[in-house]
Amino acid sequence: MTVIRRSNLRRCSLLLAFVPLFALPAGPAQSAWAATVTQAAAGDLLRYRNTGQQLYEATSVDADTFMKAVALPEVRQEVERVFKRKLTDEQLLALSAAARAEADYWRRYVEGIDKMAEEQRRISGEPGPVPFIDLLENPLALLPPPAAASNVSIATPDRWRILDALGRKENPLDPYNTNTLKADKPIFGEDWFLNIGAISDTLYEPARVPVPVSGISPAKPGENNTFGRYSRLAFNQTEIVTVSLIRGNTAYKPPEIELRFTPAYNFNHTEVGELGIININPQKGLVRDQSFLGMQEGFIDYHIRNVSEYYDFDSVRVGIQPFNADFRGFVFQDNQLGIRFFGDRDDNRWQYNLAFFRRLEKDTNSGLNSLGQALRKDDVFVANLFRQDFPVPGFTSQIVYLRNNNFEDHTVHYDRDGFLVTPAQIGDNRGYSYDVNYLGLNGDGHFGRINLTGSAYWAFGHLSHNQFSPDPQNDGAHINAFFAAAEPSIDFDFVRVRGSGVFQSGDSNPKGGHATGFDSIFENPQIAGSDTSYFIRQSIPFIGGGGVGLNQPNGILADLRSSKLEGQSNFINPGLLLAGVGTDTDILPELRLSTNFNYLRFVDVAPLKFLRNQGNIAHEIGYDLSAALTWRPLDTQNIIFRASAAVLLPGDGLRSIYNTSQGLFSSSNVLYSTMINMILAY
C-alpha cells in the first residue's frame, strides 16, 4: 500500500519542508536567502520537486484509500492490517481528511518549487513573482483533526517506533538507549513490555576468624588446644537474571500487571584450617565446593485502582518478593513468599504496606531461597505507614508494626552441612516457639545540611520455653526488649562525615522469666560501614558456649543465634553498644574511599557467663577499623569494583572469651578480613 511507501518518503520531508522558505517576501534576510537559492544547481531543485511530487501523489492515494475503506470491506481489511487495529467509519473519515490536508500541503510545496525555478530564469533587473506560500510547520507533526471530526480518535503509529522509521538501529546490549529488552518498546501488543536484567557478583574473601579444634579428629595430630588454625578463604560467584513482563504505561503511572521471575545461581568455594568446620563429617576435609540454584523473586503484581488524578494507587503483589520493613534493614529485610497490599495517597506523600509472609527455608552456604524444602513454621505480619516531608521538608517518617509467630518448638532441622540449627544447641537444647511484636519508629532524610537516619524498636511478646532456666519444664519468658540506631552525617564538598550509634538491649537475668535481649527476624543492616566492618561482615563463633555465634554474618546484633538463615531468633543475649565515626570521600567522580572506626561492647554479659560457666568476662568487645575503595569506571552502576579490609582489635571481653596463650591474640595477631568484589550489571 502507499501507506507503507509514504513512511519512507517522510524521512526526508522535514528537510524538504524548509526549501519553500526561500520564497518568503523580500527583506534583508530574505534577499540573502534568495541569493543563495539563485546559486543552487537546477538539478537540486529538480530533485526536491520530484520528491515533493511523489509525496503529493502518495498522500492523495492514501486519502482516496481511506475513503474507499468506508464502503469496501476488502479495502478496510487491508488498512486495518497495516494499522494493526480495528478502525471505525469515523476514524477512516478523519484519516482521509488528514491525508487530504497533507496532500494539499505537498501540492503547494511543488508549486513553490516551480515558482523558485521561474525566479531563477527571470530577466535580471525585472521583479520576480510574488511568493504565495506561507511559512509551513513540520509536516511530520500531527495535524489537528477537522472540525467535523473533533471528537474522533485518530490512529497513529506508536511513539516508541518513530525513531525506527528514521533508520536508527537498536543495540540489545545497550541498556541506556532505546532497547526492547529494557522495556523501552512493547514486546507485543500496544502495552506489554519485557524488561530483562542480569547481575554477575564475584567475591573473593580471605579472613581470620576463631575456630574450634574438632573433638573427633583434629587437622594436626596431637593437637589438644581449644582453638585451632584460624585462616579461612571464601570464593563466591553468583549469577542473577531478572525477567519482568509488564503491562501498562509505566512512564507516568504504576504498571497494571507485572510478572517477575528472578532465578539465581551460586557457586561457593571454602577453605579452612580445621576439620569439622565446613561439615559435621571430618571426612569431608578442609575444602568445600558447592553450588545451588534458587529463586529470589517470583510474583505477580496487580494494579487494583487509581484513586486520584496524580495516580495515587492501590496494588497487590503475590509470590516471592523483596521487602524491607524500615529504611536500613534492622528487623526484617528479605525475599520471602507472601502477599502484600501497598499504595500511596496525597500525591505520594503517604505510602503504606500491609503484608503477610510465610518464610521459605534458605540454602546453608549460598543464602538463596530453597524451594526444594518445606516451608518454615514461621509467619511474619507487617503494617507500615510512611509520611514524606514530616516533620520538615526533606525528611520521611515511618511507623511500623511487625508480628513474628514462630511454631518450631517441635522442629528438628539440620543444615546442609549436617549441623543442628533448630533447636539451637544452647542451654538445655530444648525447642521453643515465640510470638513477638515489634513496634517501630523510623526516619530518613535531612534537617538542613544535617542528614539523619534513625530507628527505634520495642519488641514484646512471649517465649514458650527458656533454654537458660534450670527448670526444664519452665513456662518460658515474657519478651521485653529495645533497639535504637542513628546515623547523622554532614557533607563538605566531596567529603561526607558520618557518626553511627547502635543500642541493643541485653538480658541481665537469663534464668528468669523475662527475656530482655533484642533480636530481629532477618536483619541486613546498612550502618557503621555495613559489610565493610569486620564485626558486621563475619560471624564469630561462641566457642565453648554451644553451637551458636556471638553474632551472625551481615548482622550487627550480638544475639547468640545458631543461624540467621535457618535458625530461630534468640531473645536471651548479651546485647550490644556501638559508637562509631566514618567518612565517604569522592576522590574522583567514579572513585570513592570509605573509612569506619567503631567501638563495640556488650551491654550485659550474664548470658555469656552462664553458657561458658565463666565469671571473668568483661564487656568490651574491641575496636573495629575498616576501609573500602569503590570504583565505578563508567560512573554508573553497571560495573563496580570494590576492595575492602577490616581488623578487629580485641578488647578485654573478647580476650576473656578466647583466652589462649598462643595463636588467636598472641603477639600482634588480630582478627582481620579482606574482600575483593566485582559486580557487573545489565
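**Backbone geometry, nonpolar cores and a surface patch**

Pro 391 is located in the loop that runs between β9 (378-387) and β10 (395-406). In this predicted model, the peptide bond leading from Phe 390 to Pro 391 is cis, with omega near 5°. A cis peptide bond also joins Thr 422 and Pro 423, where omega is about 0°. Pro 423 belongs to the loop between β12 (420-422) and β13 (434-447). Most peptide bonds are trans, and most residues other than glycine have a negative phi.

Positive phi values were computed for two non-glycine residues discussed here. Asp 346, which is not a glycine, has a phi of about 55° and is placed in the loop between β7 and β8. With a relative accessibility of 39%, Asp 346 is partly exposed, whereas Ser 530, at 13% relative accessible area, is buried.

The loop between β14 (450-463) and β15 (477-492) contains His 465. His 465 counts as buried because its relative accessibility of 7% falls under the 20% limit. The side chain of His 465 forms a polar contact of 3.3 Å with the side chain of Asn 474. Beyond neighbours within four places in sequence, the contacts of His 465 include Asp 428, Arg 430, Gly 431 and Tyr 432, as well as Pro 472 and Gly 476.

The largest nonpolar core comprises 66 residues, of which Val 331, Phe 332, Leu 402, Tyr 438, Phe 518, Leu 550 and Leu 608 touch the most other members. Strand β15 provides the largest share of this core, with 5 residues. A second, separate core consists of 9 residues, among them Phe 66, Leu 87, Leu 92 and Ala 99. When neighbours within four places in sequence are set aside, Leu 550 is in contact with residues including Ile 540, Pro 541, Phe 542, Leu 557, Phe 602, Leu 608, Leu 654 and Tyr 658.

On the surface, a nonpolar patch is formed by Ile 300, Tyr 302, Ile 304, Val 318, Ile 339, Phe 341 and Leu 354, which together have about 580 Å² of accessible area. At least two residues of the patch come from each of β5 (287-306) and β7 (333-345), and β5 gives the most, with 3 residues. Leu 354 is part of strand β8 (residues 350-358). Leu 354 is partly exposed because its relative accessible area is 47%, a value between the limits of 20% and 50%.

Definitions and conventions
Residues numbered from 1 in each chain as written. Predicted model: local features only at pLDDT ≥ 70, side-chain atom pairs only at ≥ 80, totals over all residues. Heavy atoms only, no water. Patch = residues over 30% accessible without salt bridge, like charges linked within 9 Å, V, L, I, M, F, W, Y side chains within 5 Å. Areas by Shrake-Rupley, 256 points an atom, 1.4 Å probe, with all protein chains shown as cover. Salt bridge = Lys/Arg side-chain N within 4 Å of Asp/Glu carboxyl O. Helix = DSSP H or I, 4+ residues; strand = E, 2+ residues; numbered from the N terminus. Buried < 20%, exposed > 50% of the residue type's maximum accessible area, 1.4 Å probe, protein only. Polar contact = N/O pair within 3.5 Å; in protein donor to acceptor, adjacent residues only side chain to side chain. Contact = heavy atoms within 4.5 Å. Core = buried A, V, L, I, M, F, W, Y, C linked by side-chain atoms within 4.5 Å.
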